[in-house]
Amino acid sequence: MKRKITAFFTLLIIALTAVFPISCKKDGEENTNLVIQVEFSDTESPFTQRENDLLKKAFCGEKDSLDNFIYLNSNGSHKVKSNILGVVKIDKPIDYFMPRYRYDAQSGEYEEVNGIGYDNRYFAEDGSVSGNGKQSAERFFREQELLYLSTEKAVEICKDLGKKPQFENLTLVPSRLNRYVYSGDIFHPHQAKNYTGDSSGLSSAYYTDGVSGSIKNAKIGKTEVGSYVIIPFAYISSGERTSVTTLCHEYMHVLGAPDLYTYDNAKKPVGEFDVMGGESTPEPTQSLAYLKYRMGWLKEGEDILPVTEGGEYSLTAMEDVGGVKAYKITLGSYYEKGDTFYLEYRKLGNGSLASAPTEGVIIYRVNEDNGYISSMGEKANVWRGNAYGDYEVIVFRNIQDFIYGNHTTLNEEEGYTSFGNPDGNVNVILNSDGTNSGIYVEYLGKNADGTARIRVEIPSIQAVAPSGKAGLAVEVGNRNSVYFGDVSEAKTAYVYYSSKPIKNATPDKLLKSKKGELIKTHTSFLKVTLPKPDGIEKYVYVFYQEDGGYSSVTEYKIKGVKDVKLSTVLFIAIGVGIIVPSALLTLISRNSKKRSKKDE
Ligand SMILES: [Zn+2]
């Protein structure tokens, strides 16, 4: 019961996927992030010049900024341009946007703590308060109101400046709150999509009986608010500590990345090895190669290569330019278990936002389908990462305790130079069903060019495809994949996709065609997933490199994405804020000024 309630409190906000599909931007795309600083009618700590300067640095600075991080994390393929508009003062007190009740887990009772706040309780269908019910819609309406009031004031600033801003994301930065903020509160950092439908659909996700509120269309000029982030200033800078980790985490949600920590009991299967891991590292760490691949920032067959047999391999650090960013191991058991394993090399943090907290090689397991488990425990079409159910991604560590500092990269300094135990039961690289994968990895040292040298042992990659696992398949998440079928060796595969058909397609024709996109990959990955999850690609052509030339071309036509019931995607939580360290919580508390430095 307690766990369930926690999960519900963590479950946030809304996305109308049908209107604003979550998508990964294509290479080289740039988007604009409009930033509005928000003060309230009773703001006790208005923005100071120093805070304004800090904010500018945090968003747009050359180093240690959001814009810089997204550029680095996308390996140069995505740019965010943050545009700080200024301060708006809205005519409502802070507490109007804070919860009315505090839940006491001991007694299971709600206590009213803020008379003008929104109803943050959960209700069963019969109107009784219940942790298993739906949250009152009042929180939803208050957040809408905050968005609307902020944009309404922003319009006045724009008029004064003669500006007509275009933006893809809006970030609201409330001034210092001097309040405690809990997970699930409006002021807990989070990202969401603005809801522009009517209120009749709300009852599928919220308890609406007796709740009043209206949905006003938040827009600035002609630009309607789509994606937005709410992150109070104290989550960026508090006293002596400034950190853009939470900000970068939320912005990665804007771009479509899911959480890689768990919502139910705050486990950190990825931790400090990815900005989405939920660890409040002083600097945001770059994402795992797998996540970057899913975002369209790294390519299989180019940046990520297969391991098809045991032997020595070299890895370029994620922080360096070019080279092999990861090796992906797809074992023969993939069709049965759905697991793949990745190896990558991370460099030590040096203040450039681009590094892991410890240098070395890491190994992690991915089970893509587990990334689609919903809060109800079923597989649905929204990518949720590690939020619910079995892990999508887990980084193996010698101490599987997921506490900051227990990172186990393979390097000499920390005394760990190998991982995996094909014959034993300690330090085993596990399949997701708990069996031994049989993989063993050893760090051999650094090459003269700065790459890491590793030795890998793997069991057979020979894969026998069950019937139906060859050719085109629509998978959970509405992704289109091409399975290569039975694979006993790695050969180069070409997959070409296009919205228009290619007449009499031959390998030569497809290699030259500019109508669509070509993926060069390896059959030993067993499948290739087309990058667009929304079914825009319609025609798919597959051929292979063979002795002395190319195979013939197999053509597939995608019949269209399976109909998604609107009711199932209408209200889904996305982008929950990351866990805030207790030091930050202290600093945004009511008593922050009275606390001694020692307590922080
Ligand atoms: Zn998150």
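With 16 other C-beta atoms within 10 Å, L444 is partly exposed. Leaving aside neighbours within four places in sequence, L444 is in contact with E312, R453, I454 and R455. L444 and S314 are 130 residues apart in sequence, while their C-alpha atoms lie 9.8 Å apart in space.

Strand β22 is part of an open sheet of four strands, in the order β16-β23-β22-β21, with antiparallel pairing. The edge strands of this sheet are β16 and β21 (418–419), each of which pairs on one side only. Two bridges connect β21 with β22 (residues 440–446) in the antiparallel sense. Within this pair, F419 stands opposite V441 of β22.

## The model as a whole

The structure described here is a predicted model. The protein has ten helices and 31 strands. Of its 600 residues, 46% count as buried. Among the contacts with a separation of 6 or more, 66% are between residues 24 or more positions apart.

The mean pLDDT of the protein is 82, and 82% of its residues reach 70 or more. Over residues 400–407, however, the pLDDT is below 50, and this stretch has 14 contacts in the model beyond near neighbours in sequence. The pLDDT also stays under 50 over residues 562–600, for which the model has 83 contacts beyond four places in sequence.

Is helix α5 (residues 245–254) largely enclosed or largely open? Ten of its ten residues are buried, so the helix is largely enclosed by the rest of the structure. The buried residues are T245, T246, L247, C248, H249, E250, Y251, M252, H253 and V254.

The elements that cover these buried residues include the helices α2 (49–60) and α3 (66–73). Strands also contribute to the cover, among them β2 (78–89), β7 (169–174), β8 (190–193) and β12 (227–230). After α5 comes G256, which has a positive phi, near 110 degrees.

## Nonpolar cores

Which residues touch the most other members of the largest nonpolar core? In this core of 118 residues, they are L66, Y251, Y342, I363 and Y364. Y251 is also one of the buried residues of α5. For Y364, the contacts beyond four places in sequence are with L288, Y342, V393, I394, V395 and F396.

A second, separate core has eight residues, including F123, A137, L202 and Y206.

## A sheet of three strands

Strands β5, β6 and β9 form an open sheet in the order β5-β6-β9, with mixed pairing. At its edges stand β5 (122–123) and β9 (206–207), each with a single partner strand, so one side of each is left without a neighbour in the sheet. Strand β6 (residues 134–136) is joined to β9 by two bridges, and these two strands run parallel. The bridge partner of S136 in β9 is Y207.

## Residues in loops

T316 is found in the loop between β16 (311–315) and β17 (326–329). This residue counts as buried because it has 20 C-beta neighbours inside 10 Å. Not counting residues up to four places away in sequence, T316 touches G322, G323, V324, K325, Y345 and T451. T316 and E344 are 28 residues apart along the chain, and 7.9 Å separates their C-alpha atoms.

N75 lies in the loop between α3 and β2, whereas N478 lies in the loop between β24 (470–475) and β25 (479–484). Are these residues buried or partly exposed? N75 has 20 C-beta neighbours inside 10 Å and therefore counts as buried. N478 has 18 C-beta neighbours inside 10 Å, so this residue counts as partly exposed.

Terms used:
Residues are numbered from 1 along each chain as its sequence is written. This is a predicted model: local features need pLDDT of at least 70, side-chain atom pairs count only at pLDDT 80 or more; totals for chains, interfaces and linings use all residues. A residue is buried if 20 or more other C-beta atoms lie within 10 Å of its own, exposed if 12 or fewer, and partly exposed in between; C-beta atoms are placed from the backbone. Two residues are in contact if their C-beta atoms, placed from the backbone, lie within 7 Å. pLDDT is the predictor's confidence in each residue, from 0 to 100. Two strands pair if DSSP finds at least two bridges between them. A nonpolar core is a set of buried Ala, Val, Leu, Ile, Met, Phe, Trp, Tyr and Cys residues joined through C-beta atoms within 7 Å.
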